Amino acid sequence: MLRPLRPQLRPLASAIVSLCQSAIFNNVARGYAIRVRSRINTDLAAATTKTDNQTILMRTYKPRTPGLRHLKRPINDHLWKGRPYLPLTFPKKGQAKGGRNNTGVITVRHRGGGHKRRIRTVDFERKAPGPHLVERIEYDPGRSAHIALLTEQATNRKSYIVAADGMRAGDIVQSYRAGIPQDLLDSMGGVIDPGILASKTCWRGNCLPAHMVPVGTVVYNVGSRPNGGAVFCRSAGTHATIVSKEEETREDGTKVMTGKFVNVRLQSGEIRKISKDACVTVGVSSNIHHQYRQLGKAGRSRWLNIRPTVRGLAMNAFEHPHGGGRGKSKGNRHPSSPWGKPAKSGYKTRRKSNVNKWVVTPRVRNMGKRRDKKSQ
């Protein structure tokens, strides 16, 4: 018969058990990933956001070299490890790779060098109807999001699209920009039912006109014109939300579009009008943990075609308004750009006349003040 521990030994035993459990967890998790506590804004409704704590898994490495000590990467084991589909690529040579225009003048600073690349031709219009098979998910050096190689099942034609978060090889995606297929219309009895139509079409990776998407749906690759391609929410982890549509409700309860525009809310909080026939893709853009990566060393930035950024205070007087002088002094001058334009102190840069008519509600601005972390 086991005798219970004396009261003096119980705290010591509980401390030993908790220490062993934490050691086992660290040994299991350390070899492959590290948990990063972060605060991410997640859309819970059409017009409200709520801050929620999530745990992000990032891949780390043993510090065998100084450059590996601080290297953190998202875990993307599902990516294709071979070469891209070459007929849909062309080499990036001479396309202002050094930040220069056609006359050789530097128009974009901090560009130059970098690894040799091939530009992937991505289809942002998605006008081909019918089912498309996702062959694989690939890395694209020209963008932060991942891309998916599609094969049209009717013609075996291949194309690249921006992959949605959670999309994997073997998925079937479609585009409904050309209209509702006849077989889908027959399954609804020849009459368009908005609820049945949404349940059949609003799936991850499907491309639809904006008026076919229910209010509150999260979308990416958002277009603005009826026949154009996607222009908003194309980077990694970006998305928009369908806020409202210009429609009216009939006596029988059905809703019919009466206007020409649909309102979408971007992640910045800006609400913008787009055409009801503009393209949107259901889901969130892939590689959602891209913002938490750490390059680990300066050389990795050079591989990505990013050159160093030099402070104006460290330059000579003819190179920057803050340059020159003895010691760390900028000559009693207000902060300004290399071309003399004021950078702070409430200098207004936005036009007051001929404002953007497509912006319904502009995003919240700080007017030059630092944003309070508690209000985020």
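Before we start, one term: a residue is called buried when its relative accessible area is under 20%. Also keep in mind that this is a predicted model.

Now find strand β7, residues 147-152. How many of the residues of this strand are buried? Six of the six, so β7 is largely enclosed by the rest of the structure.

Next, look at the directions of the side chains. Ile147, Leu149 and Thr151 point one way from β7, while Ala148, Leu150 and Glu152 point the other way. In a regular strand the side chains alternate between the two faces of the sheet. Here, the residues on either side of β7 are all buried, Glu152 included.

Which strands pair with β7? One is β6, residues 131-138, which runs antiparallel to β7 and is joined to it by six bridges. As an example, Leu133 has Thr151 of β7 as its bridge partner. Another is β8, residues 158-162, also antiparallel to β7, with five bridges between them. There, Ala148 has Ile161 of β8 as its bridge partner.

β7 and β8 form a hairpin with five residues between the strands. In this hairpin, Asn156 takes a positive phi near 60 degrees.

Now the charged residue. Arg300 sits in helix α5, residues 298-303. Arg300 is buried, yet it has no salt bridge. How far away is the nearest side chain of opposite charge? That side chain is Asp77, and it is 15 Å away. What does Arg300 contact, then, leaving aside its neighbours within four places in sequence? Its contacts are Leu71, Arg73 and Leu295.

Definitions and conventions. Residues numbered from 1 in each chain as written. Predicted model: local features only at pLDDT ≥ 70, side-chain atom pairs only at ≥ 80, totals over all residues. Heavy atoms only, no water. Buried < 20%, exposed > 50% of the residue type's maximum accessible area, 1.4 Å probe, protein only. Helix = DSSP H or I, 4+ residues; strand = E, 2+ residues; numbered from the N terminus. Pairing = 2+ DSSP bridges. Lys, Arg positive; Asp, Glu negative; His and termini not counted. Salt bridge = Lys/Arg side-chain N within 4 Å of Asp/Glu carboxyl O. Contact = heavy atoms within 4.5 Å.
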